[in-house]
Structure formats: structure tokens, C-alpha cells
Amino acid sequence: MTKRIVLRLKAIGVLAGLLLGLVAAVAYLNVRGEDPIRDADTHAAVPRPTPMSTEQVARGRYLTQVGNCAGCHTRQGGAPLAGGRGLATPFGTVYTSNLTPDPSTGLGRWSEAEFWRAMHHGRSKDGRLLTPAFPYASYTHVTREDANAIYAYLQSLPPVEQAPQAHALRFPYNTQAALAVWRALYFRAADPAATLDNTRSPEWNRGAYLARGLGHCVECHSPRNALGATSTSLELTGGGLSGQGWYAPSLASAQEAGVSYWRTEDVVQLLKTGRTALASVQGPMAEVVYGSTQHWTESDLFALSTYLQAIPQVQTKPSAKLEPLPGKVQVQGAAVYDKHCAQCHGPQGQGATGAYPALAGNRAVTLARSDNLIAIVRAGGFAPVTPGNPQPYGMPPFSHVLTNADIAAVVSYIRTAWGNQAAPVSELEVLRLETAH
């Protein structure tokens, strides 16, 4: 009996040691590479930098637009960059923070070093781990110089007193312990200089820096695992946007959103104006063009386009077996199309040059995933207002006049008519995407 007790105690000791070792490893992985914010001996705050120049503030303003910070950190009807917008995730809703220099609810008491730590290491002023809905996994690629410029601009804004709303995340995702484990598994602060490729052109390197850092393209255009992390091997191969009912198509596939075969000037035009003869942007990407890329310099647009065109392309496989459309669905879909769609998009899906896009041969129509087409039929679609497209043509919503069965039928019809080859969609799929909003 005594021997058994001793063996059990030894086993408990081993397990306790392993647990403590695991906790220590997680703790280490969450602080590796971080510079101290406070002096270890005096605990005095790190001194603020020298006064911020007008040039630095102006550059910070531009970089804030490059990162589309206002897109997330401004709630509908709220003050710019004062936070409060809810971002849906598979784990609950995250509410964005106040980036204005209000001393009690914003960044007014933050130092430059603390802001850098948030951008580069994903840690708040008080040391808390930030949820990766704030895309520090991408922002960690931003240089200290650029982060300092953004800080300078944010500190120049009028302060807005708006207390941040608490996140509505489910247990255990709302705990610091869960964040620490996630970061130990999936996050490591980057060295921005290490991403440079001396075999590539300066334009490609600048484009890579913009796409991987402030542009954070990977955050939408990549699939995520069950814990919400992206995989390096699958970056930019397309991803669903949780809670929005949209799919960010693959930038590594000519069948989806790859632009390797486009002229560079067409890619620049799409990012600058939201439309070209080849394509137009809708949904979340329209917000990105409106709030961000239309404001980029021509050189940065050219650099990003160069990078996007150099992404290795892969063949996208159909997600479902192509089968003939059932006769009843064919008749129903054709009737809905003739009544609501043909006037703008043409009886043969040919579209109207300069106004409404063709649906015949349109790769946005024939994506393996039908999320975007269903979302546009249900909620409408509008290209962004830009100087190059000041009065964009749009599509009204039809959710108030079409049933889910009608939407499934017309989407299936469009995806299989005029030579299009894509799988039809079911009423159940339409319902699933409706509940995703």
C-alpha cells in the first residue's frame, strides 16, 4: 500500500512538473523578443519621444489610411477612430478600441513605446494580451518608424471621450489564458527587414511589405483553422468572412481573384477606382477601396499590384460535382431572372458596357463558393464612390421581394446559364448564409 502511494505521489509530481513546464513555456513564448516598457530598477515610464514633426504626422495619416484603421475603429454614425464597432468572430463579438488621444478612454496616456508594443507584439498598455481580431499578426511586419508615424498622427487627433465596450466572447475565448495558449501556438513577432527578398525588385518588396503589414490582406483572403489561425502554406488562398456572409476569394487562383494575367495598370485601376472592364469590387472589398486603397499613392498601388501579380497561381478545384439543373429550378430561376435581372444584365447575361457587369463568364459568378452571389442578390451590391468612378452603378437588394427558394433558383440559373459551369445552390445553403449575417 505504501509503495502504491509513493508511486502515485511521484506520478503527481511528474505531472505537476510537466504542467509547470508547459505554463512556463507558454509564458516565455508570449514575451520573447519584447523590449521592456519600463525601467527595471526605477519603474519610471520610458520618456516620450521628441516633439512630433508635421511631416511625421502627415505620414502617419497616410499610413492610417493604408491600414484602413477607420474601417474597423469607427462605428456607424460615430466619431472617426473613436472605436465601438462590433466585429463578429466565430467566438463572439469583439468591439474596437478608441484610437483618439482621450486620456481616459483612448490613447492619451499611451507612450510611443506602448503603441509599438501593441502593434508589434499584440499587448495593451496595461500588459493585457490583445485579441487577434486586432490583426497584430499582420501589423507585426510594420516597421518601428511607420508605427511611430501612425502614433504621431493618432495623437494629433481631437480627443473623443468614448469608453470601449467590453467584448462579448464565449468562455474560454474571453480569458487571457486562452489568448496566451493561442499566441504560443500561432504568433511570433516578426522582423520587418527579414521579409525583404534581394532577388526581387524594389516594387515587389514594397508591395510585399504593404500586403503583409498594414494592408493585412492575409486576414481576409486566407482560410482559418478551428481556433481562428491562418496557415502560412495557405495564405491568400481564400477565406470566409465570419458573420458577414461573404467569401474573400483566392488571390492565388486565376479562377477566383488572381490577377497574374492582368495588365498591371488594370490592377492599379481596380484598387484605385473599384472597377475596371475586367471586374468590380463589392461588399467588404468595396469598403477597403473606399476607405483605403483609393487614397494610396500611385507608387504604392503599383507596388502592391506588382506583388499581387507575382503570387504563385494554383488551379482551384470545384467544390461540388457539376450536375444539370433540375427542370423545375431552371424554369423558376429563368422567370426570376427575366423579371428582375435581365433589364440590367441582359437576356444573355452580357451586361452593359460601363454600367452593369456581364454575368456570362464572370468568375465572381462561377466561384466554387456561392456566398458572394447570394449576398449580392439578397442585400444588393454597390461599387465604392471614388474620383475615378464618382457615380457607380449599383444593384438594389431583393430580399424583400424574393423568397429563399427564389434566390436559390435564380443564383443556380445564373451559375449554369450562358456557358457558365458552376454548381447550383440549394435553398438550405441560402438559409445558412442568411443566418451568418
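**Ground rules.** I number residues from 1 along each chain as its sequence is written, and side-chain values use heavy atoms, without hydrogens and water. In this predicted model, local features need pLDDT of at least 70 and side-chain atom pairs count only at pLDDT 80 or more, while totals for chains, interfaces and linings use all residues.

**Confidence.** I looked up pLDDT, the predictor's confidence in each residue, from 0 to 100. The protein chain averages 89, and 87% of the residues score at least 70. Helices here are DSSP runs (H or I, at least four residues), numbered from the N terminus. Over residues 39-47 pLDDT stays under 50. Where pLDDT is low, the predicted coordinates should not be read in detail.

**Helix pair.** I then looked at H8 (residues 202-212) and H11 (residues 298-309), whose axes come within 7 Å and cross at roughly 90°. Axes are lines fitted to C-alpha atoms, for helices over the stretch in contact, and angles run from 0 to 180 degrees between N-to-C directions. H8 is therefore roughly perpendicular to H11 (65 to 115 degrees). Contact means heavy atoms within 4.5 Å; among the residues making it are Trp204 and Leu210 of H8 and Phe302 and Tyr307 of H11.

**Pocket.** H8 also turns up in the lining of the second largest pocket, where H5 (136-139), H7 (176-186) and H8 each supply at least two residues. A pocket is an open set of points on a 1 Å grid over the protein atoms alone, where a 1.4 Å probe fits, with protein on both sides within 12 Å along at least five of seven lines; lining residues have an atom within 4 Å of a point. Of the 24 lining residues, those closest to the centre are Ala137, His141, Val218, Thr230 and Glu235.

Key
Parallel < 35°, antiparallel > 145°, perpendicular 65-115°, else oblique.
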